[in-house]
Amino acid sequence: MSQPQRQIDKIKVDIFKIEVLADITLGMTERAMDWQELTNLTRGQPFVVERVRLAGNGVAIEGEFELPQLAQLNVEDQVFVTAFVRCHGSIKEMERIFGVSYPTVKSRLNRITQMLDFVETDPAPSRADVIDRLRRGEITAQQAVAELEGRA
């Protein structure tokens with residue numbers, strides 16, 4: 001009798017996970033599936049979007065558009081990243097939602113991180129800033145040259 005009860009508990013847990021994930025992935029999955037289908041058609045080869053049409057007014061823009069990095073991820077990774085952002089980066093919450101261990105969440109985040117370019121959030125100082133700091137004596141001429149050449 002205890003065996004069937006454990007199976008029912010497991011089903012309840014899985015349904016709970018599905019309900020929690022449904023809120024996170026609703027809509028996201030449909031959009032991601034479109035990209036996933038396109039990726040399947042191209043067999044993972046890079047592709048270029050050449051026309052974008054605005055749905056609201058029908059205006060079309062033609063050119064060569066690169067897909068955003070997140071759109072280049074597979075559907076499962078897009079859902080994972082979306083869940084991570086919605087959890088405000090809480091690995092504990094990710095463990096709970098996906099039913100996996102801390103090392104599994106970290107490993108997946110590390111794998112996804114390797115696929116994404118780093119976005120520089122601390123831009124290089126402007127030429128005027130470097131010259132001002134040099135005039136104030138805050139940096140040496142060598143440091144100024146290094147910063148201006150991007151070696152600092």
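Select D77 to begin: leaving aside neighbours within four places in sequence, D77 is in contact with R108, R111, I112 and M115, where contact means heavy atoms within 4.5 Å. This is a predicted model, in which local features need pLDDT of at least 70, side-chain atom pairs count only at pLDDT 80 or more, and totals for chains, interfaces and linings use all residues. Residues are numbered from 1 along each chain as its sequence is written, and side-chain values use heavy atoms, with hydrogens and water left out.

D77 lies in helix 3; helices (H or I, at least four residues) and strands (E, at least two) are DSSP runs, numbered from the N terminus. The relative accessible area of D77 is 1%, so the residue is buried. Buried means under 20% relative accessible area, exposed over 50%, and partly exposed in between (1.4 Å probe, protein chains only).

Next, select E66, in the loop between strand 2 (60–65) and helix 3 (75–86). E66 counts as exposed because its relative accessibility is 71%.

Finally, select V48, in the loop between helix 2 (28–42) and strand 1 (49–53). V48 is partly exposed, at 43% relative accessible area. Not counting residues up to four places away in sequence, V48 touches E64 and F65. Show L67 as well: its C-alpha atom is separated from that of V48 by 7.4 Å, with the two residues 19 apart along the chain.
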